[in-house]
Amino acid sequence: MSDARTQLAEQLAEAVFQALNDDLAHQENALLVVSGGSTPVPFFKALAAKPLPWERVEITLADERWVNAQSDDSNAKLVREHLLQGAAAAAHFEPLTSDAGTPEEGVPDVSERALALSWPASVVILGMGGDGHTASLFPDSLELGLALATEEPLVAVRTPSQPQPRITFSADRLHQARRHILHITGDDKRAVLAKALSGDDMRQLPIRAFLSCPLAIYWAP
């Protein structure tokens with residue numbers, strides 16, 4: 001891990017800590033929506049060390065692969081192993097999977113649980129792939145149009161470029177937050193972001209769905 005990425009993770013953790021603290025000063029609970037993948041791991045560890053009233057913090061994911069909670073591909077496992085540690089283990093974590101066999105079957109149950117969280121979220125932290133996807137809004141997904149347009153909170157996603165079926169919060173639901181942050185690293189991601197900023201076709205680069213709202217960008221080489 002480079003010093004720049006470590007510093008970025010610390011800065012992001014401090015910003016999220018302040019946001020949650022500010023919101024918890026005038027509401028009972030505060031919701032944090034995080035993304036999976038390897039990029040947020042140092043951020044998770046830095047945030048877990050912050051002195052928050054964690055029992056009043058709710059955490060969920062922007063999206064999830066429809067896999068067993070113990071799978072190495074599970075974003076929920078990532079959160080449990082790196083964020084829900086120490087005092088942060090007192091936070092309420094809401095996973096995006098169920099016992100249903102498919103995400104299509106699981107969407108109603110997961111949506112009911114997700115809607116019970118404290119919306120609008122205090123912070124939504126998005127990642128971005130090299131294809132411009134964010135959450136599970138993939139450019140080659142047949143459900144992309146639905147996920148970009150629906151007012152339903154969650155959408156089951158089948159994507160040719162991805163090995164597992166997925167479930168994702170819709171763009172509409174992810175927009176329901178007081179603060180949006182994009183957390184990316186590497187020159188390749190910076191180039192994709194620059195391309196996204198130069199156009200407006202969300203089907204080509206779905207991250208564009210969030211470039212029209214205030215978006216804090218945390219980037220390091």
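Author: This is a predicted model. Among contacts between residues at least 6 apart in sequence, 73% join residues at least 24 apart.

Reader: Which kinds of elements does the protein have, and how many?

Author: The protein has seven helices and nine strands.

Reader: What share of the residues counts as buried, and what is the accessible surface?

Author: Of the 221 residues, 55% count as buried. The accessible surface comes to about 9,500 Å², and carbon and sulfur atoms account for 50% of that.

Reader: How many charged side chains are there, positive and negative?

Author: There are 18 positive and 29 negative side chains. The centres of the two sets lie 5 Å apart.

Reader: Why is Ser35 called buried?

Author: Its relative accessible area is 10%. Buried means under 20%, so Ser35 qualifies at 10%. Ser35 sits in the loop between β1 (30–34) and α2 (41–48). Beyond its neighbours within four places in sequence, Ser35 is in contact with Pro40, Phe44, Leu61, Ala62, Ile125, Leu126 and Gly127.

Reader: How do you know that the side chain of Ser35 reaches the backbone of Ile125 and Gly127?

Author: The distances decide it, and a polar contact needs N or O atoms within 3.5 Å. From the side chain of Ser35 to the backbone oxygen of Ile125 the distance is 2.7 Å. To the backbone nitrogen of Gly127 it is 3.4 Å. Both values therefore fall within the 3.5 Å limit.

Reader: What makes helix α3 largely enclosed?

Author: Helix α3 covers residues 75–82, and six of these eight residues are buried, so the rest of the structure largely encloses the helix. The buried ones are Asn75, Ala76, Lys77, Leu78, Val79 and His82. They pack against β1, α2, β2 (57–61), β3 (63–65) and β4 (92–94).

Reader: Which residue caps the N-terminal end of α3?

Author: Ser74 does, with a side-chain oxygen 3.2 Å from the backbone nitrogen of Ala76.

Reader: Why is Gln164 called buried?

Author: Its relative accessible area is 16%, and the cut-off is under 20%, so Gln164 counts as buried. Gln164 is found in the loop between β6 (154–157) and β7 (166–169). Leaving out neighbours within four places in sequence, Gln164 is in contact with Arg65, Val67 and Asp73. With Asp73 there is also a polar contact from side chain to side chain, at 2.7 Å.

Reader: Is Ile217 buried, partly exposed or exposed, and how do you know?

Author: Partly exposed, at 42% relative accessibility. Buried would need a value under 20% and exposed a value over 50%, so 42% places Ile217 in between. Ile217 lies in strand β9 (residues 216–220). Leaving aside neighbours within four places in sequence, its contacts are Leu182 and Leu193. Its C-alpha atom is 9.8 Å from that of Ile125, a residue 92 places away along the chain.

Reader: What makes Thr185 buried?

Author: Thr185 has 11% relative accessibility, and the definition asks for under 20%, so the term applies to Thr185. Thr185 belongs to strand β8 (residues 180–185). Not counting residues up to four places away in sequence, Thr185 touches Arg5, Leu8, Thr39, Trp219 and Ala220.

Reader: Why is the bond between Trp119 and Pro120 called cis?

Author: Omega of this peptide bond is about 0 degrees, and the bond is cis. Pro120 is found in the loop between α4 (103–115) and β5 (123–126). Most peptide bonds are trans.

Conventions
Residues numbered from 1 in each chain as written. Predicted model: local features only at pLDDT ≥ 70, side-chain atom pairs only at ≥ 80, totals over all residues. Heavy atoms only, no water. Helix = DSSP H or I, 4+ residues; strand = E, 2+ residues; numbered from the N terminus. Buried < 20%, exposed > 50% of the residue type's maximum accessible area, 1.4 Å probe, protein only. Contact = heavy atoms within 4.5 Å. Areas by Shrake-Rupley, 256 points an atom, 1.4 Å probe, with all protein chains shown as cover. Lys, Arg positive; Asp, Glu negative; His and termini not counted. Charge placed at Lys NZ, Arg CZ, Asp CG, Glu CD. Polar contact = N/O pair within 3.5 Å; in protein donor to acceptor, adjacent residues only side chain to side chain.
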